[in-house]
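Let's take a walk through this structure together.

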Amino acid sequence: MLNTLLPILLFAALLLAVIGAGKRFFMWRRGRAAQVDWLGGLLAMPKRYMVDLHHVVARDKYIANTHVATAGGFVLAAVLAIVVHGFGMHNRILGVALLGACALMFVGALFVAKRRLKPPSRLSKGPWMRLPKSLLMFSASFFIATLPVAGILPADFGGWILALVLAIGVAWGVSELFFGMTWGGPMKHAFAGALHLAWHRRAERFGGGRSTGLKALDLSNPNAPLGVEKPTDFTWNQLLGFDACVQCGKCEAACPAFAAGQPLNPKKLIQDMVVGLAGGTDAKFAGSPYPGKPVGEHSGGPHQPIVNGLVDADTLWSCTTCRACVEECPMMIEHVDAIVDMRRHLTLEKGATPNKGAEVLDNLIATDNPGGFNPGGRLNWAADLNLTLLSDKKNCDVLFWVGDGAFDMRNQRTLRAFVNVLKAANVDFAVLGLEERDSGDVARRLGDEATFQSLAKRNIATLGKYSFKRIVSCDPHSFHVLKNEYGALGGNYEVLHHSTFIAELIAAGKLNLGQHKGGSVTYHDPCYLGRYNGEYEAPRDVLRALGIEVKEMQRSGFRSRCCGGGGGAPITDIPGKQRIPDMRMVDIKETGAELVAVGCPQCTAMLEGVVEPRPQIKDIAELVADVLLEAPAAVAVKRVVEEVQ
Amino acid sequence: MQPKPLNVLCLVSIGAHPTSGRARRAEQDARAVELGLRLAGEQVQVLHAGNAEEEALRAYLGMGLSELSVLQQPDGADALPVLFDYLKDSGAQLVLTGSQAETGEGSGMLPYLLAEQLGWPLVVGLAEVEKVENGVAQVLQALPRGQRRRLQVRLPFLASVDNAAPVARQSAFGPARRGTLWTDEVHVLDDDLLSNASFQPARPRPKRLKVIKAKTGAERMKAATAKAAGGGGQVLKDVSAQEGAEAIFKLLLEEGVIR
């Protein structure tokens, strides 16, 4: 009886799966066009899955091994089950292989079930609690049903009762694992995830690459939408990416805004996009809600505006664009892109940048700096430093990109320290002076692509007038924008963060340094240096050269927690239960360090905003400048000593 | 029944950013447009006399206007006659404008001269229009130190706004780019006063010396929050025009305003 029932079940489930896949595919294709390498992507997909994705998943050994066993066992079991039971090829070797696959999957599923006994809060519940049972049911049913094929049990063992039980088990298993995959069940992540990897909008991320710059909007075409208003305004492969979410909540656990009680949860945001893609309400969401916003009150559809229907605006403005969610996401979903896309619509179409946003953008338009300071004062910080202007010199080795920190008295100390370092190392450097403008970082992240492009284009035109080998900046935001985001507008430069440059100077023996004498030190990785640009080592090398043994925080390197200063978050200032910099200061205090080394004016400002008593905050440039030993000075001291004698 | 929305027209000029001097929407004019948008929604008409090519005009469109009319004239031309010609037949019930332009002559005289020529009442420092009934508007006029005066004004009238009016909404790129600038060719009149006058840099207005006599914190607080009472003033009641004028003339002489 099973011999007739199993093929029917299998092929019915497969047919439904194919229909569901088609439906889902056309749902994604409602999005805007995107250029993808259709075939190349599909061919590259297995490698992306086995290498790049596994790389992320393997940070958590337990689930990595569990997933290898379960998914590997399932794929093998599914193929063999179709061959053996679907096409009735009752070959003994195939039967034994199918038994092995089912056993592997069963063991994996046991570990899935174990984790679901006391699931951490980041995991979604609901249908996801059912998944381990379905996995066990699938593997167990096929295992028993295959025993006769492998010749271990007689063909008619158990009679019709067992056959019926097995048929029910198989029906449950294939419902979840075959057509549940394309009809929106938890297994959807496997189907959508595989295609998402194939047609990812940032294919450069695979194979160890890095792609973190925001994509430029086409402003030359007046009919092109300015950002994303409705789900269909996303590109179709972004929609596909949302659908790939496995709701593991790694993003939620890493998100600084969520931890601060601001109304953002990256996982929920992606699930809301899935709701928007298919239409409906968020009532079925079985994970942590946006802090302070109950689930079930929002709904949307593919052609309905997202903001103030599906998602509230303050959710989007809570993001610091720290990219911790993207870094953690095992499905390589691009949360930050989606958030900025929606912000673009709010700013460019609705004029609804909250709090100080509008003022900052107006300032950027009128004065080229976010504070609205007189552009003529951009070089006042260096009035006594006798800096060379690139407009006088026309060419140099190093262009020192000062950034808007030039107007901030705290940051001026960092800038002056870095100038001391450059002078001590006899670097051939110059500054743009009054010709420099804001890099456009904050405008772009507040969604004002027009102001960003205007600033960027003028900066590129200025830079084009001169010749220099490299740009060095003390601001990771300027550094990132110049390095990764000006390229699309025609500005390609070699750009270094000052920590990288100082590390080079030290390695080349150009700096005569003493040893740090100021107590223990920890280091805070800026998001835009670390996660955005992969520079974790150079700042630590510099600190090491000063004789500092960095007392690492629990969350450091690629897991560093944001200071709360990125993405215009201090400007939009969405209230939460606590402040992000306060949380980061707790991380810092846990190390017992007396001083925290930073490499970013935003981080400096945010961390210094934490009330005392707290560890001191110093930029890497300041730490280096503090211990500079000037060789000529040593001679001078000797001469004084001689004169005294 | 919802009353017919007020026919509101806003006069706007090109502003200049206080630190960079770059062209922008003028702060007070933008507040006038904001007030207009709140009163009449997208029906509000916005009018500029000057150069339609000026990109800064689009910043007004970015507030959500679909169009803006420009009475095309070169720099230095007198805006007053063309605005008068336009307004007298426009059917506008309320004309809003900033108190003083940020560029050009910036004398702050335009609202007064325009109201005089049109024969309309002028409300200076309009903060809010509370209601309009039977051709009469009830408005709040802003006075120093956050005080408000409630006025009844018959329509049509002209009002200038200052920083007491609501802050202008953000100007967005999309509507700014889409909006239309309609150009009207008008007869250009040279501004004789402007062309004959010579410009000189402004001097900051001298401030009265503030003598702090307070001994205690409470007294300082009182001094800081008290009304700017001259103390030496006098209230004239039921006096003839002649006597009143003489009193004013005497005061102006005393204060050194006229010599």
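Let's start where the two chains meet: 26 residues from chain A and 12 residues from chain B make up the contact. Keep in mind that you're looking at a predicted model. Together the two chains bury about 1,300 Å², with 46% of that on carbon and sulfur atoms. On the chain A side, Glu349(A), Gly351(A) and Ala366(A) supply 31% of the area buried against chain B, more than any other three residues.

What holds charges together here? There are 3 salt bridges across the interface of chain A and chain B. One that you can look up is Asp362(A) with Arg25(B), whose closest N and O atoms are 3.7 Å apart. The count of residue pairs in polar contact between the two chains comes to 11. As for the elements involved, helix H14 (335–350), helix H15 (357–367) and helix H19 (449–464) of chain A each bring at least two residues to the side that touches chain B. H15(A) gives the most, with 7 residues. Sort that side of chain A by class and you get 13 nonpolar, 8 polar and 5 charged residues.

Over on chain B, an unreviewed UniProt entry annotates residues 14–191 as "domain: Electron transfer flavoprotein alpha/beta-subunit N-terminal". That span is 24% helix and 33% strand, and its end C-alpha atoms lie 18 Å apart.

Now back to chain A, this time to see how it is divided up. Its domain assignment lists domain 1 (2–198), domain 2 (226–350), domain 3 (361–503) and domain 4 (521–626). Let's zoom in on the last two in that list. The C-alpha centres of domain 3 and domain 4 of chain A are 22 Å apart, and 26 residues of domain 3 are in contact with 28 residues of domain 4. The area buried between these domains is about 2,100 Å², and carbon and sulfur atoms give 69% of it. Arg410(A), Pro476(A) and His477(A) supply 24% of what domain 3 buries against domain 4, more than any other three residues.

Arg410(A) turns up again in a salt bridge with Glu622(A), where the closest N and O atoms are 2.8 Å apart. The elements giving two or more residues to the domain 3 side are helix H17 (409–424), helix H18 (441–445), helix H20 (476–485) and helix H21 (498–507) of chain A. H17(A) gives the most to that side, with 8 residues.

Note on methods:
Residues are numbered from 1 along each chain as its sequence is written. Chains are lettered from A and ligands numbered from 1 in the order in which they are written. This is a predicted model: local features need pLDDT of at least 70, side-chain atom pairs count only at pLDDT 80 or more; totals for chains, interfaces and linings use all residues. Side-chain values use heavy atoms; hydrogens and water are left out. UniProt positions are given in the numbering used here, feature names are shortened, and annotations may be inferred rather than shown by experiment. Helices (H or I, at least four residues) and strands (E, at least two) are DSSP runs, numbered from the N terminus. Contact means heavy atoms within 4.5 Å. Buried area is the accessible area (1.4 Å probe) that two parts lose on being put together, summed over both. A salt bridge is a side-chain nitrogen of Lys or Arg within 4 Å of a carboxyl oxygen of Asp or Glu. A polar contact is a pair of N or O atoms within 3.5 Å; within protein, one must be able to donate a hydrogen and the other to accept it, and residues adjacent in sequence count only if both atoms are side-chain atoms. Ala, Val, Leu, Ile, Met, Phe, Trp, Tyr, Cys and Pro count as nonpolar, Asp, Glu, Lys and Arg as charged, and the others, Gly among them, as polar. Domain bounds come from an automatic or database domain assignment.
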